[in-house]
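Have the viewer open as you read.

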Amino acid sequence: MGKSKLNSAINRSIELVVYLKRVLTHHIIKKPFPFPMFFQIQTINLCNGSCVMCLNSKKKNRKPRKMSDELFEKIIKEISENKSKHVYVWLYLQNEPLMDTDIFNKLKLIKNLSNGKIVTGIITNGTLLTEGKIQEVCDSKVDRIKFSIDAFTEETYNKIRMGLNYNKVLKNIENIRNSGCKTRITVGFTMQKYNYFELKDFIKFWKKKGIDTWINIVNNRSGDLSDFENIRLLSKDIPYRQKFTHNFILRLVGGCDILTTCFSILYDGDVIMCLNDYNKKTIFGNVKHKSIKEIWTGKKYQSIRELVSNKDFEKIPACKNCTMIQPL
């Protein structure tokens, strides 16, 4: 195993240990850690795709909205000044981050304000990368990029990720691999009716390239995805490994782990409870007016955590119809 792969494996192991410590501690003592572990920040509210498993494809004529530089810097300063170890900031939330033309400057700012201590990442469909932007990827020192692909063949890709270009994404990933960037690349596959039969080929293809795969199962976006019944995966078609992992985590944490680890901020500063809550059913506060720590440890956040711990999902608008909390 090469040095870079060894370091990557060590970092993944550390992240898993820290994550398990957090969720198990909360499950036992019913109190959150003083500060979030994962941040998802929406710097712009746009996406250039129309994917079948995303509510953005249903929202037409959305007005472009971008997080102000002042608000972004306020958020990153507080995260940087916090003394917690193992903090991860993903500039992605219900959007395509590369629609923000300043995204790489924002990634640089995170590294500068935190003296390189914060782990950064983006999740992208990859179609907006150019050779110039690939150089910006390297210059930003972004730690991780996850490419959402969801298919092994172009035919399947076109059924799921409508309006995007499969071959362009493959070319862009290859260009980054050959660029000398130290950024860790992961490719994503959201299992659903249209693609589950391609999973083995997908994993095998990317393994040969030395790229990790990130597998999850399509969900109904807090109950709001109207086409979910047409794309959902039947239990018999879910591989044992994914089924076991999902059910094990549900048992381990007594429900959902989002509220013990993740903090999600929209472009206007609103803090939503879950990345799948596209319709903003639960808003914990706004980071323009309160600190991250105030919101994270506040009464509203804690009251929802207690409901989740007690499995009173019917009392939580964003949870009561969510398939993420249902056993597979």
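How many aromatic pairs does the structure hold? This is a predicted model, and there are 15 aromatic pairs in it. One of them is Phe-284 with Tyr-301, a stacked pair with 3.8 Å centre to centre and 15° between the planes. Phe-284 belongs to strand E11 (residues 283-286) and Tyr-301 to helix H12 (residues 299-309), so this pair ties together parts that are 17 residues apart in sequence. Phe-284 and Tyr-301 are both buried. They also belong to one aromatic cluster, together with Phe-35, Phe-39, Phe-263 and Trp-296.

Trp-296 from that cluster turns up again with a charge over its ring, supplied by Arg-305. Trp-214 has a lysine, Lys-146, over its face. Here are the two contacts:

| Charged residue | Ring | Distance from ring centre |
|---|---|---|
| Lys-146 | Trp-214 | 4.4 Å |
| Arg-305 | Trp-296 | 4.4 Å |

Lys-146 takes us to strand E5, where it sits on one side with Arg-144 and Ser-148, while Ile-145 and Phe-147 are on the other. Is E5 (residues 144-148) enclosed or open? Of its 5 residues, 5 are buried, so the strand is largely enclosed by the rest of the structure. Both of its faces are covered. Strand E4 (residues 119-124) runs parallel to E5, and 4 bridges join the two. Ile-122, for instance, has Ile-145 as its bridge partner in E5.

Now for the empty space. Rolling a probe the size of a water molecule over the atoms shows where such space is left. There is 1 cavity of 30 Å³ or more, and the largest cavity has about 80 Å³ of space. Its lining has 11 residues, with His-26, Val-253, Cys-256, Thr-260 and Ser-309 nearest the centre. Helix H1 (3-29), helix H10 (258-261) and H12 each give at least two residues to this lining. By class, the lining of the largest cavity has 5 nonpolar, 4 polar and 2 charged residues.

The second largest pocket holds about 260 Å³ of space. It is lined by 14 residues, and Ser-80, Asn-82, Ser-84, Ser-114 and Lys-117 are the closest to its centre. Helix H2 (residues 69-81) provides the largest share of this pocket's lining, 3 residues. The lining of the second largest pocket divides into 4 nonpolar, 6 polar and 4 charged residues.

Key: Residues are numbered from 1 along each chain as its sequence is written. This is a predicted model: local features need pLDDT of at least 70, side-chain atom pairs count only at pLDDT 80 or more; totals for chains, interfaces and linings use all residues. Side-chain values use heavy atoms; hydrogens and water are left out. On a 1 Å grid over the protein atoms alone, a cavity is a set of points where a 1.4 Å probe fits but cannot get out, and a pocket is an open set with protein on both sides within 12 Å along at least five of seven lines; lining residues have an atom within 4 Å of a point. Grid points are joined across faces, edges and corners, and a volume is the space filled by probe spheres set on the points. Ala, Val, Leu, Ile, Met, Phe, Trp, Tyr, Cys and Pro count as nonpolar, Asp, Glu, Lys and Arg as charged, and the others, Gly among them, as polar. Rings of Phe, Tyr and Trp (its six-membered ring) pair if their centres lie within 6.5 Å; planes under 30 degrees apart count as stacked, over 60 as edge-to-face and the rest as tilted. Buried means under 20% relative accessible area, exposed over 50%, partly exposed in between (1.4 Å probe, protein chains only). A charge sits over a ring if NZ of Lys or CZ of Arg is within 6 Å of the ring centre and within 35 degrees of the ring normal. Two strands pair if DSSP finds at least two bridges between them.
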